[in-house]
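Look at the model first.

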Amino acid sequence: PELDIVRASALHCAFALIFWAHQNAITFTPQMNLTAAGQQGNNSPAEDLFQNMLNALSMARQIARDIDTRRCQGPKPISNSARKVANELKEHVQPLKGFINTRMADSIGL
């Protein structure tokens, strides 16, 4: 699935990353087995998507953290409402990562 990131602001970017991961997590049904999982070499499309979703969520969390700590200061100051939304975004990342990890583990049979 294509990932089109909005570059208007860091907050928009973090939202886009979480939205993309969420939309893909809903339909994520990998068909893996224990012997194929984690092998070096060619990854399956499901393994690539799995890794990309986790990376997108990690990046969204880092962006939200930077907004909250005022590290990504652009030409305009970061508002308190943007910081509040960034905090809420950070809270949504971990449960979504857990959901994705559970889906992958279930497909492997763990």
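Contact here means heavy atoms within 4.5 Å. The model is predicted.

Q: Which residues is A60 in contact with, leaving aside its neighbours within four places in sequence?
A: They are A14, L17 and I18. Each has heavy atoms within 4.5 Å of A60.

Q: Why is A60 called buried?
A: Its relative accessible area is 1%. Buried means under 20%, so A60 qualifies. A60 sits in helix 2.

Q: How far apart are A60 and L89 in sequence and in space?
A: In sequence, A60 and L89 are 29 residues apart. In space, 8.0 Å separates their C-alpha atoms.

Q: Why is D68 called buried?
A: D68 has a relative accessible area of 15%. The cut-off is under 20%, so D68 counts as buried. D68 belongs to helix 2, which covers residues 45-68.

Q: What makes the D68 and N87 pair a polar contact?
A: Their side chains are joined at 3.4 Å. The limit is within 3.5 Å, for N or O atoms that can donate and accept a hydrogen. The pair meets that limit. N87 is also among the contacts of D68 beyond four places in sequence, together with R83, A86 and K90.

Q: How do you know that the span of helix 2 is close to the one expected?
A: Helix 2 has 24 residues. At 1.5 Å a residue, 34 Å is expected. From first C-alpha to last, helix 2 reaches 34 Å.

Key: Residues numbered from 1 in each chain as written. Predicted model: local features only at pLDDT ≥ 70, side-chain atom pairs only at ≥ 80, totals over all residues. Heavy atoms only, no water. Helix = DSSP H or I, 4+ residues; strand = E, 2+ residues; numbered from the N terminus. Buried < 20%, exposed > 50% of the residue type's maximum accessible area, 1.4 Å probe, protein only. Expected span 1.5 Å × (residues − 1).
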